[in-house]
Amino acid sequence: MTPAATGDLLPETSPRVGIVVRTKDRPMFLERALADIRRQTLHGWEAVIVNDGGDPAPVDRLVDALPASERARIAVIHRDHGLGRSSAANAGILALTTEYVVLHDDDDLWDPTFLEASVAWLDREPQDAGVVSRTEIVYERIDGDRIVETGREPFWGEMARITYADVLQVNRFVPIAYVYRRALHDEVGLYREDVHAAEDWEFNLRVLRVHPIGYLRDTVRAFWMQRRGQEGVLGNSMFVLADEHDRYDRMIRDEALRSFVAAHGDGLPLYLARYIQDEVERQLSAQRSLGSYATDAARKGWRRLRGR
């Protein structure tokens, strides 16, 4: 789990971070993502583009158009059939041998200092399995062949640290913000390929059971791009796959509950289920007594908590 002893002696261009770019039939986003990677102040990276069942020609054209020195650091995996987000992530990770890894989905973005700041943290904090950067949600829309920004807001803007307790409730960070030690996959396994949404949350839970994760909160360095109302291939997975996120969230929790009950009995879950139900009803009763404004505010707050 500690960085290589000679890591700080490697030349700047030696690849220390492996970037997995998942894409499918979105050349507009992929072109932007490649430009984003090329702008990084840390030059010691290599990338694997996993084209998960999309048309290979636009991907190859974008890569072939890059300068030779950069093209040499980018591998492309074309898959005949789309096998899903987890399988695509694993295919990219297995093609990498770098010390650190990060998933850069084709529609998200970084500040130019993202990789440099993340690697500096992990070199300095060997106890941390990975590090998350402060993140901003950027709203955008597609206008013909242009991507137009329509607004921004902080994502967990008041968060001070990454804790297992908080992530048990709901995922507190997204893949674009998270650089981690590739050795984690040797320890806790790859992304579950039977989980087709919320796969990052499930992996994060496995990591946080055994290791802390750092948090770079000094400045925003990761941008989670969202396109509300955009359907089809250009949609954002949080919305296009909303039902799938809910399904796998419930599946993961149910598996964990059954595992706990098998080991410890159902006494504590039975107690908590009734206690939580009573507490929710008490809170709703209190909100009703304050009027509809408080109830609407509570609902909006819950939607924000869920990132929906």
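Predicted model: local features only at pLDDT ≥ 70, side-chain atom pairs only at ≥ 80, totals over all residues.
Buried here means under 20% relative accessible area, while exposed means over 50% and partly exposed lies in between, with a 1.4 Å probe and protein chains only. Strands (E, at least two residues) and helices (H or I, at least four) are DSSP runs, numbered from the N terminus. In a regular strand the side chains alternate between the two faces of the sheet.

Residues are numbered from 1 along each chain as its sequence is written, and side-chain values use heavy atoms, with hydrogens and water left out.

Now to the neighbours of E6. Two strands pair if DSSP finds at least two bridges between them. E6 and E9 run antiparallel and are joined by 3 bridges, with Gly-130 opposite Tyr-180 in E9. E6 is also joined by 3 bridges to strand E10 (residues 214-216), and these two run parallel; here Val-131 stands opposite Gly-214 in E10.

Which residue forms an aromatic pair with Tyr-180? For aromatic pairs, the rings of Phe, Tyr and Trp (its six-membered ring) must have their centres within 6.5 Å, and planes under 30 degrees apart count as stacked, over 60 as edge-to-face and the rest as tilted. By this rule the count comes to 8 aromatic pairs. In one of them, Tyr-180 pairs with Phe-203 in a tilted arrangement, at 5.4 Å centre to centre and with 50° between the planes. Because Tyr-180 lies in strand E9 (residues 178-181) and Phe-203 in helix H8, the pair ties together parts that are 23 residues apart in sequence. Tyr-180 counts as buried at 1% relative accessibility, and Phe-203 counts as buried at 0%. Both belong to one aromatic cluster, formed by Phe-173, Tyr-178, Tyr-180, Tyr-191 and Phe-203.

Helix H8 itself is mostly covered, since 10 of its 10 residues are buried, among them Trp-201, Phe-203 and Leu-205, and also charged ones such as Glu-199 and Arg-206.

On a 1 Å grid over the protein atoms alone, a cavity is a set of points where a 1.4 Å probe fits but cannot get out, a pocket is an open set with protein on both sides within 12 Å along at least five of seven lines, and lining residues have an atom within 4 Å of a point. Grid points are joined across faces, edges and corners, and a volume is the space filled by probe spheres set on the points.

A search of the whole structure finds 3 cavities of 30 Å³ or more. The largest cavity has a volume of about 50 Å³, and its lining includes Phe-173, Tyr-178, Tyr-180, Tyr-191, Asp-200 and Asn-204. E9 and H8 are the elements that give two or more residues to this lining. By class the lining of the largest cavity has 7 nonpolar, 1 polar and 1 charged residues, where Ala, Val, Leu, Ile, Met, Phe, Trp, Tyr, Cys and Pro count as nonpolar, Asp, Glu, Lys and Arg as charged, and the others, Gly among them, as polar.

The second largest cavity has a volume of about 40 Å³. Helix H1 and helix H2 (56-64) each supply at least two residues of its lining, and the largest share, 3 residues, comes from H2.

What is the volume of the second largest pocket? The second largest pocket has a volume of about 690 Å³ and is lined by 20 residues, of which Leu-168, Arg-253, Asp-254, Ala-256 and Leu-257 lie nearest its centre. Helix H8 (199-208) is one of the elements that give two or more residues to this lining, together with H6 (164-169), H10 (242-264) and H11 (267-290). H10 gives the largest share, 7 residues, and by class the lining has 13 nonpolar, 1 polar and 6 charged residues.
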